Every structure is written in structure tokens, then in C-alpha cells.
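Hi,

Here is the structure I promised to send over. Have a look at it first, and then read on for what turned up.

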Amino acid sequence: MPLYRVSEAARYLQIPPATLSQWLKWEVDLSQPEPRPVEPLIRRPDREAKELSFFNLVEAHLLQVLRIVSGDHRAQIKAALAHVEQQLKTPHLLTCKTFQTNGADLLVNALGQSARLSRSKQLTMGTQFQHLLTRLEWDGEGKVARLFPILQSGVGTEIDRPLMIDPQVSFGRPVIAGTGVPTSIVADLFEAGDSIQAIAEDYNCKPEQIAAAVYFESQDKQAA
């Protein structure tokens, strides 16, 4: 189900909007005798839809690792993804637990060969994939159920994964993990003059959780 505008998804993941838009863009291959459409790295639920689904958000979260790769390797990335999906017989590989268990290594190897990446870049990509995978939780069917946004600061680091995005909670908007309290509400209260401690007491949260929510929303506004 479409839930997120491109600008929202980019802010939640701290990805430049132009980069995310490029990953969603259909292109035309003019290198062939007959031009043909080239699918984007991330396909919206509906080609006519402007919004992204939760699974699209997860795909973008994991594709952040590709920013390590210099140059434009979208064709090789798309081919590597298709190769690994076929090899593992798993469609939508990035949203399946199969990717966590052995798909990441296979994808790095396939991309390394097709894009001729150095061994150091392959190792860096592999490490980064593993880090990004720790921010995901899976359901009993092996599909991604929750995403825990990465904070680009020490705020909230006393708590493991303080914030959460779950399509079944608060319409998929970022919330304080384990509470369902939207980060936007917390940030509004803080801007209105309430203290971190007072908000924490009102919502039965730890001050570190409130501070993480406020910082997360402030990042969004700075990036907008």
C-alpha cells in the first residue's frame, strides 16, 4: 500500500531526495537499435502512484549502501539483484529474510564482479549491509515487519533502536519504539515549550527516547 511521499521517505532515511528520485526513475535505453524502457531500482506499488510503500522504504534503506560505490552502476546493480533473486528463487529480495541470511553476500559478490569493484569496496559494502540489516525486524513469514531509523548523532544511543517505523502502527509514521507515540507529536510538544523530562513523564517514556524523537524530527526539518 502506498504510504510515503518521496520527500518523506528521503527525510526518514536521511537520503538526498534527488538520489531517491533517481532510484525510482524509469529510463530509456538508447544503446539498442530499438529504444526500450529500463525499470528503476525501486518500483512503486503502482507505476502511476507517486507514493512509496513500506517495502519500498526498506529497499531504499538497504540501497543506501550503494552510495559507497562511485559512478553510475545502476545497470549493474539491477542485473546483480535480478541474478541473486533468480539464484535464490526469491522475488523482492531486499524485503525478505533470505537476504539477511545469505543474499547480502551473494549480491555484493555479483555486483563486485559486474561493476568491477575493488576488494576493499566489496568488504566495505558487506559490512555496511550487515549494519543496515540490524535495523530491520522480520515477521513469521520472513518479510520485513519493522524498520528502525538510523540517527546520525549520539542522541538516544543509550537505547537500542529508540525509534520505529511499522506499517501496522500509526499508519506507518515514525514512532517511539514499543509505545506507538508518534515522533511528530513529541517534537510539537517540545517546540511548544514542554521539557524533555515532562514529555517523558506524560508518555511513560525514558528521557533518552524523547530526546531521540525530537532530534529525529529536527533532522527532518533541517533536510526539508
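Let's start with helix α1, where Val6, Glu8, Ala9, Ala10, Tyr12 and Leu13 are buried (buried is under 20% relative accessible area, exposed is over 50%, and partly exposed lies in between, with a 1.4 Å probe and protein chains only). That is six of the eight residues of α1 (residues 6-13), so the helix is largely enclosed by the rest of the structure. Just after α1, Gln14 has a positive phi of about 60 degrees. Helices here are DSSP runs of H or I with at least four residues and strands are runs of E with at least two, numbered from the N terminus.

Before going further, some housekeeping. This is a predicted model, in which local features need pLDDT of at least 70 and side-chain atom pairs count only at pLDDT 80 or more, while totals for chains, interfaces and linings use all residues. Residues are numbered from 1 along each chain as its sequence is written, and side-chain values use heavy atoms, with hydrogens and water left out.

Now the overall picture. The protein has nine helices and eight strands. Its radius of gyration is 19 Å, close to the 17 Å that the globule rule gives for 224 residues, so it is as compact as a globular protein of that length (the radius is taken over C-alpha atoms, and the rule is 2.2 Å times the number of residues to the power 0.38). Along the principal axes, the C-alpha atoms fill a box of roughly 65 × 35 × 35 Å. Of the 224 residues, 44% count as buried.

The helix pair I'd look at is α4 (residues 74-88) and α5 (residues 97-114), whose axes come within 9 Å and cross at roughly 135 degrees. That makes α4 oblique to α5 (under 35 degrees is roughly parallel, over 145 roughly antiparallel, 65 to 115 roughly perpendicular, and the rest oblique). On the α4 side, the contact (heavy atoms within 4.5 Å) involves residues including Ile77, Leu81 and Val84, and on the α5 side Leu106, Leu107 and Leu111 are among them. The residues of this contact split into nine nonpolar, seven polar and no charged (Ala, Val, Leu, Ile, Met, Phe, Trp, Tyr, Cys and Pro are nonpolar, Asp, Glu, Lys and Arg charged, and the others, Gly among them, polar).

Last, Arg116 sits in the loop between α5 and α6 (119-133). Arg116 is exposed, with a relative accessible area of 76%. From Arg116 to Val181 is 46 Å, C-alpha to C-alpha, and they are 65 residues apart in sequence.

Cheers

Definitions and conventions:
Axes are lines fitted to C-alpha atoms, for helices over the stretch in contact, and angles run from 0 to 180 degrees between N-to-C directions.
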